[in-house]
Amino acid sequence: MTQQSESTTPTPVRDTGAPPVESPVTSPVTSPVPPLAEPRPLGEPREWPRTFHDRLTAPLPGLRALARFAREGAVRPGKEGLADVPLLPFEPGPLPRVDTRTVAVTWAGHASWVVRIGGLTVLTDPVWSRRIIGTPARVTPVGVPWEDLPPVDAVVISHNHYDHLDAPTLRRLPRDTPVFVPAGLGRWFRRRRFTRVTELDWWEAAELSGVRFDFVPAHHWSKRSLTDTCRTLWGGWVLTDADGHRVHFAGDTGYGHWFSRIGQRYPGIDLALLPVGAYDPRWWLRDVHCDPEEAVRAARDLGARRMAPMHWGTFVLSAEPVLEPLIRVRAAWEKAGLPREDLWDLAVGGSRVL
């Protein structure tokens with residue numbers, strides 16, 4: 001296992017029988033900020049521990065929490081919450097023209113973005129499937145038709161949950177596409193004959209064609225089958241081009257101390273792609289999914305100049321009304337006194353250019 005340059009002591013994982021407890025927010029870090037890691041070789045063979053349970057920042061649900069979840073069954077909105085599905089913003093358009101010094105993002109839906117940075121086209125957690133396992137079909141179409149994509153130069157994956165790691169979509173890619181993944185997930189890609197797979201631990205980096213890919217912590221977990229809980233790592237990505245433009249893709253995460261630490265280590269984030277949906281019921285999801293107000297707070301902790309909400313309006317994963325994340329994130333942004341033009345609340349298929 002690669003030694004972390006910064007560590008925490010998480011709550012031990014054990015079945016307490018109680019609902020998850022919200023992770024405490026630590027005080028600001030006062031110690032010197034470590035220098036950025038030197039980029040590791042692309043495709044480097046790595047050995048990893050059998051489990052990453054020690055990276056959890058809150059216990060996984062115990063038996064009492066699971067029983068309450070099964071008893072209450074509030075995992076989808078009711079009729080009123082679904083009534084606004086036709087109003088979900090869907091405005092597909094052509095991808096912006098870019099050059100090597102342009103940064104542009106296009107929201108394909110959920111956590112899938114087409115990021116153009118440093119002359120590269122990077123896909124984040126690409127899910128172009130209409131349906132994923134255990135979830136109703138998407139309520140908005142994919143914002144970018146697959147055939148309209150330029151050649152994909154790289155893919156970044158945040159973790160292995162099915163709504164972020166979609167095998168049918170990834171099968172569409174050439175097998176020599178560079179893929180950047182969390183520690184322990186490389187085997188999944190190599191079994192599918194991907195040949196350029198780079199696995200990273202938290203705070204590690206690699207570089208492709210002048211663009212730096214840094215893997216950073218998140219408050220989440222991993223699981224893809226009955227027997228692989230936390231066998232692979234989870235996290236977000238900071239992409240930095242040769243001119244110093246920075247985009248932070250948070251993947252899937254709850255709110256907590258990592259955001260301020262990421263912001264200190266990677267100052268000058270131009271845009272943070274942050275999740276704002278799948279948060280209700282709060283007692284069940286607060287440790288692993290930000291609500292809209294927490295996402296705005298996270299953007300401020302990161303020191304990000306702009307924020308683009310994601311992880312809403314695509315798959316119905318939880319009980320909040322489908323339009324509520326957008327309404328609440330706009331209200332939270334305004335309440336924080338932040339410039340309206342710096343909230344990039346894109347419609348599915350929408351684009352913005354730095």
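Student: What should I know about the model itself?

Tutor: It is a predicted model, where local features need pLDDT of at least 70 and side-chain atom pairs count only at pLDDT 80 or more, while totals for chains, interfaces and linings use all residues. Residues are numbered from 1 along each chain as its sequence is written, and side-chain values use heavy atoms, with hydrogens and water left out.

Student: Is L346 buried or exposed?

Tutor: Buried means under 20% relative accessible area, exposed over 50%, and partly exposed in between (1.4 Å probe, protein chains only). L346 has a relative accessible area of 8%, so it counts as buried.

Student: Where is L346 placed?

Tutor: Helices (H or I, at least four residues) and strands (E, at least two) are DSSP runs, numbered from the N terminus. L346 sits in the loop between helix 8 (324-335) and strand 13 (351-353).

Student: Which residues touch the most other members of the largest nonpolar core?

Tutor: A nonpolar core is a set of buried Ala, Val, Leu, Ile, Met, Phe, Trp, Tyr and Cys residues joined through side-chain atoms within 4.5 Å. The largest one here has 69 residues, and W113, V122, F213, W237, L273, L274 and M307 touch the most other members. Helix 7 (residues 292-302) gives this core its largest share, five residues. Apart from it there's another core, of 22 residues, including V144 and W188.

Student: At what angle do helix 7 and helix 8 pack?

Tutor: Axes are lines fitted to C-alpha atoms, for helices over the stretch in contact, and angles run from 0 to 180 degrees between N-to-C directions. Helix 7 and helix 8 pack at about 45 degrees, with their axes 8 Å apart. That makes helix 7 oblique to helix 8; angles under 35 degrees count as roughly parallel, over 145 as roughly antiparallel, 65 to 115 as roughly perpendicular and the rest as oblique.

Student: Which residues make that contact?

Tutor: Helix 7 brings P292, E293, V296 and A299, and helix 8 brings P325, R328, V329, A332 and W333.

Student: And is T198 buried or exposed?

Tutor: T198 belongs to strand 6 (residues 197-200). With a relative accessible area of 4%, T198 is buried.

Notes:
Contact = heavy atoms within 4.5 Å.
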